[in-house]
Amino acid sequence: MSTPAAPLAPPLRVADLRQRLRALGAKPCHEDRVLRSWLQAAPLDSGAKRRRAEDYLPLAVRADLPALQADLDGLATVQSEHPGEDGSARLLVALADGQTVESVLLPRDGLCVSTQVGCAVGCVFCMTGREGLLRQVGSAEIVAQVALARARRPVKKVVFMGMGEPAHNLDNVLEAIDLLGTVGGIGHKNLVFSTVGDRRVFERLPHQAVKPALALSLHTSRADLRAELLPKAPRIDPEELVELGEAYARATGYPIQYQWTLIDGVNDSAAEMDGIVRLLTGKYAIMNLIPYNTVSELGFKRPAWEKATELARGLHRRHILTKLRNSAGQDIDGGCGQLRARSLADPSQ
Ligand code: SF4
């Protein structure tokens, strides 16, 4: 009889780190001090300034700092780094169990983090969606992506738009947002929760102490096409999604950023532009048109830049605040999940 495989340890959460410190006698202010040092990418047990701060920590906590630092360092490590021509850089990040996720250093002090290994939404144009969900990324692992990035350059904005659907890992993502928006020192509207739309998000976000900005992946104004493109997204019609978004935008005072991956011959028609105008006229919203990053394995094409520019101009003329954006690092497997897929196919990369 074969022995059943040992269950995998759940991914580490910020709450676990706090619990470890508390068990050593730390008070909440001590916990915050230690977590702040981590998030500032300052080693916990070196440097004169640090030592002065440590003097205020309980002895048992101070004694544990080298071991804690080693554990934090092991949460996420850079497996490979791919600078792009636009000032961005893609990091392939290895987690402690060997799984990999992608983080992207964005121009102007931004960072895009991953919240799941794989993703269950299965968007037909996305490499990450092809894998299905492999595991959740713990809140401490999400925060570790920020600490890793800050060891390279300042991070003043974090977007939750990497691999995974944040709404499917809500507790971990909200815990990470809470830490980043408090001891992490990131302005709340500079934390951007990106989702295909899930009712749990609209129920919970308005009650959070740290309320992030919201990006909603719309991609089409047609409910039937949306069900084809995002086969496992919750069934919420575009009209209802926009209404839910509008309520959150009015409650927080930040506009909703609608994401529209522009795919040649799929959602770049005049009828779709009419649909955007119908949905967003008078709404507190920004429409981001993002020309698709062609992947040879998937059967979709990027529209010509001239056409995308014309569509954005047309929406502007019709009073829809529209931005035409390239996904960062076009020249380096710019679409979500492409870097991981390439590294799995060829581990030497
Ligand atoms: Fe998941 Fe986002 Fe990819 Fe869709 S686009 S499958 S939500 S990671």
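Let's start inside the fold, with helix α6. Its buried residues are Ser139, Ala140, Glu141, Ile142, Val143, Ala144, Gln145, Val146, Ala147, Leu148 and Ala149. Keep in mind that this is a predicted model.

What does that list say about the helix? Eleven of the twelve residues of α6 are buried, so the rest of the structure largely encloses this helix. α6 covers residues 139-150. From first C-alpha to last, the helix reaches 17 Å.

Next, a helix pair. Two packed helices are described by the angle between their axes and the distance between the axes. Here the pair is α1, residues 14-23, and α2, residues 28-39. The angle is about 125°, and the axes are 10 Å apart. α1 and α2 are therefore oblique to each other. Their crossing is right-handed.

Which residues meet there? From α1, we have Leu17, Arg18, Leu21 and Arg22. From α2, they meet His30, Glu31, Val34 and Leu35. By class, that contact has four nonpolar, one polar and three charged residues. One general point on spacing. An α-helix has 3.6 residues a turn, so residues three or four places apart point the same way.

Now zoom out to the chain. There are 13 helices and twelve strands. The chain has 349 residues, and 44% of them count as buried. Last, contact range. Take the contacts between residues at least 6 apart in sequence: 68% of these join residues at least 24 apart.

Technical notes:
Residues are numbered from 1 along each chain as its sequence is written. This is a predicted model: local features need pLDDT of at least 70, side-chain atom pairs count only at pLDDT 80 or more; totals for chains, interfaces and linings use all residues. Helices (H or I, at least four residues) and strands (E, at least two) are DSSP runs, numbered from the N terminus. The expected span of a helix is 1.5 Å times one less than its number of residues. A residue is buried if 20 or more other C-beta atoms lie within 10 Å of its own, exposed if 12 or fewer, and partly exposed in between; C-beta atoms are placed from the backbone. Axes are lines fitted to C-alpha atoms, for helices over the stretch in contact, and angles run from 0 to 180 degrees between N-to-C directions. Angles under 35 degrees count as roughly parallel, over 145 as roughly antiparallel, 65 to 115 as roughly perpendicular and the rest as oblique. A crossing is left-handed if the near helix is turned anticlockwise from the far one by less than a right angle, and right-handed if clockwise. Two residues are in contact if their C-beta atoms, placed from the backbone, lie within 7 Å. Ala, Val, Leu, Ile, Met, Phe, Trp, Tyr, Cys and Pro count as nonpolar, Asp, Glu, Lys and Arg as charged, and the others, Gly among them, as polar.
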